[in-house]
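This report walks through one protein model, sheet by sheet and ring by ring. Take a look at the sequence and structure first.

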Amino acid sequence: MPQQKDIVKIAIQMPGAYPQLIQLDQKKPLSAVIKEVCDGWTLPGPENYALQYADGVQMYITESNRLDIKNGCILRLTKAPGRCAEDLYKGIQSSDAGVLCDSLKELAGVSKDVTFAQEFISRDGYLLLVKIVEDSNESNLIMMHTLTAFMQLMDHGIVSWENLSSVFIKKIANFVNAKATDESIQQVSLDILENMVLSSHSLFLQVKLEVTMERLIAHLQVTNQQIQTKAMALLMALLQTAGDADRQEMFVFLNKKNLRQYIYKNIILSSGLVQDEMAHYLYVLQSVTLNSLEVRMRMPLDCYSQEQRDILHALRQAAFETDSENSLSHERRRSLCAKEFKKLGFSNNSNPGQDLVRTPPGLLALDTMHYFASRYPDAYSRFVLENSSREDKHECPFARSSIQLTLVLCEILRIGEPTSETGSDYHPIFFSQDKLLEELFCVCIQLLNKTWKEMRATQEDFDKVMQVVREQITRTLSSKPTSLELFKNKVNALNYGEILKLRQTERLHQEETLAPPVLELKERLKPELLELIRQQRLNRLCQGTMFRKVSSRRRQDKLWYCRLSPNHKMLHFGDIEEDAENPPIETLQDKIPVSDIKGLLTGKDCPHMKENKGKQNKEVLDLAFSITYDVEEYSLNFVAPSRTDFCLWTDGLSVLLGREMSSESMRSELEILLSMEIKLRLLDLENISIPDNAPAIPKPPTNYNFCYDFSHNEQ
């Protein structure tokens with residue numbers, strides 16, 4: 001007695017007969033099941049019959065796939081694969097055009113089933129199809145059924161594509177090249193050629209020789225989207241299979257024909273939306289084209305290359321116009337060059353080529369800098385000269401920024417990465433713009449300078465600025481701009497303030513999606529972490545800070561030091577010398593009791609900013625703060641050396657006054673601490689013993705060959 005799980009209740013149909021409802025015993029041989037069904041309809045010769053799914057993909061039921069049958073399935077009793085293959089084999093050889101056409105049409109349908117395909121191919125039936133194509137004497141309808149059946153049979157991988165004759169390949173190529181051919185024939189012919197190209201390099205060479213690129217481009221312009229898709233697929237196969245020389249030759253031809261403009265106008269703009277398959281091919285075309293830059297990206301600068309050295313000096317001369325340098329002595333000229341390379345932002349100003357040995361971005365960074373300087377000389381000069389006039393710590397280094405920006409663009413555009421099989425994230429801007437990387441660089445290097453100013457960044461903030469710029473570029477490209485001008489407008493509108501707003505909105509959204517217990521935990525942790533930040537601020541005030549005095553004549557030559565006493569009851573301050581560092585509290589003669597402090601003022605409300613109204617720039621205003629004492633008649637005025645120090649001191653003074661801290665630094669630190677603490681609290685530490693003592697430090701390694709040399713890389 002079979003178990004219940006081995007029994008499947010199904011219905012079996014046959015034309016002209018009532019359906020049979022049976023309980024299929026999965027342990028019984030399939031031949032025995034078919035015999036019982038035939039006996040139910042009194043059909044002789046059960047070996048000539050097979051079961052097949054009646055709905056969906058009508059596959060034959062075999063011993064290997066019978067377990068996929070589910071309760072309620074509807075099957076159909078039909079001719080066995082061998083008998084069907086034999087009948088169709090004979091029908092294809094019929095001299096009657098009607099019989100031939102019907103046989104080929106049926107063959108195109110049943111060839112999707114691998115069981116049938118094996119039977120038909122074992123009789124060399126596919127050679128009959130090859131002969132029909134080679135003779136090309138039949139009607140378009142017969143030819144379409146022939147090619148469709150052939151493609152279905154070859155899809156199973158039973159027969160090698162390399163077994164096909166050159167005559168057959170030429171005939172298929174002729175269907176693609178011909179201007180007046182049935183669209184269905186062209187569509188399946190493009191499909192066949194794509195599979196040939198992907199199967200072997202020898203077939204790639206034959207197809208490349210037979211199919212003209214002009215016809216492929218023409219197929220991309222037709223209104224039939226299926227032909228567009230198949231033509232794009234063949235083009236992608238040719239580009240992916242080609243060697244470097246062949247691919248470069250094809251790129252040159254396609255660029256001359258403005259292929260990307262064809263696609264942009266006739267596919268992207270005309271249809272508005274691109275179907276998934278076409279989107280994948282557009283992604284592949286973009287990837288293959290951009291990956292042609294990989295060679296430059298992987299190649300470091302050659303210090304012995306005169307051409308590359310000339311480009312470096314051309315960058316310097318274009319920025320500073322040193323026409324008279326030839327009249328200088330060798331040493332003076334060398335010193336001048338080093339000084340100007342430093343202003344350009346090279347870290348190794350005596351040998352700037354060393355900055356470009358890092359791969360990636362390698363020579364690609366030199367290419368983008370040179371393109372910007374030669375294509376947009378005014379913008380290039382403005383960038384360099386504007387930053388040369390800033391304080392050293394506030395200047396945005398052009399060379400260092402360019403090298404890092406080129407690397408960021410390579411990562412965003414996935415240059416050098418293998419083309420994803422499932423990728424469809426193409427950029428419409430690519431199809432409307434030649435030299436996409438270079439033009440994007442020119443827009444983004446100016447964006448970087450703009451963002452640098454908005455963030456009031458110093459050299460220490462370089463990585464933070466690059467993170468913001470990466471986010472600006474990524475967010476803008478995700479909106480799928482269709483032209484460089486549109487990208488430029490959108491990315492410049494997405495300034496630093498907008499980025500902060502977006503981050504805050506996304507953070508709030510994430511918090512809203514958190515489970516109530518997590519939100520409750522977060523609120524419980526806040527007081528503890530705020531107290532930690534308060535203590536850190538007070539400790540920082542106890543360490544003290546050196547400030548510069550800003551007089552009415554804007555002289556900044558006097559220094560003074562201020563620090564909080566260890567018991568937090570007294571502020572000590574006094575003048576110090578330039579070389580003094582962390583002076584002892586006893587040497588600071590002046591002091592103010594914390595209990596006498598009445599208020600904290602910032603920015604333009606400070607007395608020393610009001611005295612010099614109109615003379616202070618925004619940078620000084622943003623760093624100014626004052627404390628008032630003795631019934632607000634007196635004040636102690638500060639200009640912080642950096643925004644970080646401004647936040648630390650205003651927060652610390654607020655704590656002393658019993659107020660809430662309000663700086664952006666405090667908010668950022670609180671978010672980081674909350675995030676880390678919540679993650680730690682949510683760790684599954686059950687049955688994990690936490691040691692009371694720190695683990696022992698392991699012995700040093702026997703060698704340090706694994707160490708990476710960061711001397712020429714971004715820190």
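Strand E9 and strand E10 (residues 624-629) pair in the antiparallel sense over 5 bridges. Helices (H or I, at least four residues) and strands (E, at least two) are DSSP runs, numbered from the N terminus. Two strands pair if DSSP finds at least two bridges between them. Gly599 has Thr628 in E10 as its bridge partner.

The model is predicted: local features need pLDDT of at least 70, side-chain atom pairs count only at pLDDT 80 or more, and totals for chains, interfaces and linings use all residues. Residues are numbered from 1 along each chain as its sequence is written, and side-chain values use heavy atoms, with hydrogens and water left out.

**The open sheet**

The order is E9-E10-E11, an open sheet of 3 strands with antiparallel pairing. Strand E9 (597-602) and strand E11 (634-639) stand at the edges with a single partner strand each, so one side of each is left without a neighbour in the sheet. From one strand to the next, the twist averages 20°. Helix H28 (residues 643-656) lies across E9, E10 and E11 and runs at about 25° to E10. Such angles run from 0 to 180 degrees between N-to-C directions, with axes as lines fitted to C-alpha atoms, for helices over the stretch in contact (heavy atoms within 4.5 Å).

How many residues of strand E6 (residues 559-564) are buried? The count is 6 of the 6, so E6 is largely enclosed by the rest of the structure. Buried means under 20% relative accessible area, exposed over 50%, partly exposed in between (1.4 Å probe, protein chains only). In a regular strand the side chains alternate between the two faces of the sheet. Leu559, Tyr561 and Arg563 point one way from E6; Trp560, Cys562 and Leu564 point the other way.

| Strand paired with E6 | Bridges | Facing residues |
|---|---|---|
| E5 (residues 545-548) | 4 bridges | Phe547 opposite Trp560 |
| E7 (residues 570-576) | 6 bridges | His572 with Arg563 |

E6 and E7 form a hairpin with 5 residues between them. His568 in the turn has a positive phi of about 65°.

**Aromatic rings**

The whole structure holds 22 aromatic pairs. Rings of Phe, Tyr and Trp (its six-membered ring) pair if their centres lie within 6.5 Å; planes under 30 degrees apart count as stacked, over 60 as edge-to-face and the rest as tilted. Phe383 and Phe398 form an edge-to-face pair, 5.3 Å centre to centre with 70° between the planes. This pair links helix H19 (residues 377-388) and helix H20 (residues 398-412), with Phe383 and Phe398 15 residues apart. Phe383 and Phe398 are buried.

Ring pairs also build a cluster from Phe547, Trp560, Phe573, Phe625, Phe638, Phe646 and Trp649.

**Charges over rings**

Arg400 lies over the face of Phe462, at 3.8 Å from the ring centre. The charged end of Arg83 sits over the ring of Tyr49, 5.7 Å from its centre. A charge sits over a ring if NZ of Lys or CZ of Arg is within 6 Å of the ring centre and within 35 degrees of the ring normal.

**A buried glutamine**

Gln472 lies in helix H22 (residues 462-478). Gln472 counts as buried, at 0% relative accessibility. Leaving out residues up to four places away in sequence, Gln472 touches Leu447, Thr451, Val491, Leu494, Asn495, Tyr496 and Ile499.
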